[in-house]
Amino acid sequence: EIKNPLAGIHGVLELLRDDATDEAQSKLYDEMLSELDRVNGTIHSLLGFARPAPANRVSTDIAELVEGTVKLLRPGLTKRSIQLEISSAADLREFPVDPDQIRQVLVNLISNAADAIDNGGTISVRATEFPDGKGVIIAVEDDGSGISEEGLGGIFEPFYTTKFSGTGLGLAVARSLVDKHGGRIEVESAVGAGTTFFVLLPEADDSIER
């Protein structure tokens, strides 16, 4: 009921932009299309939270997955003077996860970390196995502003946000996708000292008690 009309509007605006002979008018159409893309992105996030697809777990090289995700995000963060560092345990083996869903979790956590950094900083992404080898832990750490004790209580709630922009769905979607893997997300933070999110993903036959 929402996406189809938006798609129609988007198509018409593209035609109007392509036919525009005035540069200022063409730029205005581009801005309108950009805003529609933002609306579509919000709807996509909402649907991902409300109706997440079942996890399609396949044997996945976790180190390669982390590296590929960081490579995708690094150019945009470099423009914001944010460094992205990655490290994976040397003995980290392949684990059965849904690579698309875990990639989305990482994108959401890294984007959230970047929003917590004001004027340049560092985001570290680390991957290692559980001590017993029956799962994998991915940590996303930033040296940003941190989260107050009061704020920690609501960060995974849908639409909760302390930012002037954004939907407040990123962390809620991330937790929902990790839930689909029988795992959980833990967080450690202190105001002024940065934040670390830990994604705990067990083997396919196990689940983590909350």
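# Reading burial, charge and core in a predicted model

Modeller: Asp98 is buried, because its relative accessible area is 8%. Asp98 sits in the loop between strand 3 and helix 4.

Biologist: What does buried mean, and what do exposed and partly exposed mean?

Modeller: Buried means under 20% relative accessible area, exposed means over 50%, and partly exposed lies in between, with a 1.4 Å probe and protein chains only. Residues are numbered from 1 along each chain as its sequence is written, and side-chain values use heavy atoms, with hydrogens and water left out.

Biologist: How many of the residues count as buried, as a percentage?

Modeller: The protein chain has 210 residues, and 39% of them count as buried.

Biologist: How many helices and strands does the protein chain have?

Modeller: Helices (H or I, at least four residues) and strands (E, at least two) are DSSP runs, numbered from the N terminus. The protein chain has six helices and seven strands. Along the sequence, their pattern is α-α-β-α-β-β-α-β-β-α-α-β-β.

Biologist: Which residues of helix 6 are buried?

Modeller: Helix 6 covers residues 170-180, and its buried residues are Leu171, Ala172, Val173, Ala174, Ser176, Leu177 and Val178. The C-alpha atom of Lys180 is 9.5 Å from that of Asp98, and the two residues are 82 apart along the chain.

Biologist: Which residues touch the most other members of the largest nonpolar core?

Modeller: The general idea comes first. In soluble globular proteins, nonpolar side chains tend to be buried together. A nonpolar core is a set of buried Ala, Val, Leu, Ile, Met, Phe, Trp, Tyr and Cys residues joined through side-chain atoms within 4.5 Å. The largest one here has 39 residues, and Ile62, Ile110, Ile123, Val125 and Ile138 touch the most other members. Two or more residues each come from helix 3, strand 2 (82-88), strand 3 (95-97), helix 4 (99-115), strand 4 (121-129), strand 5 (135-142), helix 6 and strand 7 (194-202). Helix 4 gives the largest share of this core, eight residues.

Biologist: How many salt bridges does the structure hold?

Modeller: A salt bridge is a side-chain nitrogen of Lys or Arg within 4 Å of a carboxyl oxygen of Asp or Glu. The structure holds eight. One of them joins the side chains of Asp115 and Arg80, at 3.6 Å from N to O. This pair links distant parts of the chain, since Asp115 is in helix 4 and Arg80 is in the loop between helix 3 and strand 2, 35 residues apart. Asp115 counts as partly exposed because its relative accessibility is 38%, and Arg80 counts as partly exposed because its relative accessibility is 40%.

Biologist: Which residue forms a salt bridge with Arg93?

Modeller: Arg93 pairs with Glu203, and their closest N and O atoms are 2.9 Å apart. Arg93 is partly exposed, with a relative accessible area of 37%.

Biologist: Why are Arg103 and Asp100 separated by about one helical turn?

Modeller: They are three residues apart in helix 4, so Arg103 and Asp100 are separated by about one helical turn. The two form a salt bridge, with closest N and O atoms 3.0 Å apart. Arg103 is partly exposed at 32%, whereas Asp100 counts as exposed at 53%. Elsewhere, Arg17, Asp18 and Asp30 are linked in a network of salt bridges.

Biologist: Which residue other than glycine has a positive phi?

Modeller: Most residues other than glycine have a negative phi, and most peptide bonds are trans. Ser81 is not a glycine, yet its phi is positive, about 60 degrees. Ser81 lies in the loop between helix 3 and strand 2. A glycine case is Gly182, which follows helix 6 and has a positive phi near 75 degrees.

Biologist: Where is Asn119, and is it buried or exposed?

Modeller: Asn119 is in the loop between helix 4 and strand 4. Asn119 counts as exposed because its relative accessibility is 77%. The C-alpha atoms of Asn119 and Ile82 are separated by 8.2 Å, and the residues are 37 apart along the chain.

Methods:
Predicted model: local features only at pLDDT ≥ 70, side-chain atom pairs only at ≥ 80, totals over all residues.
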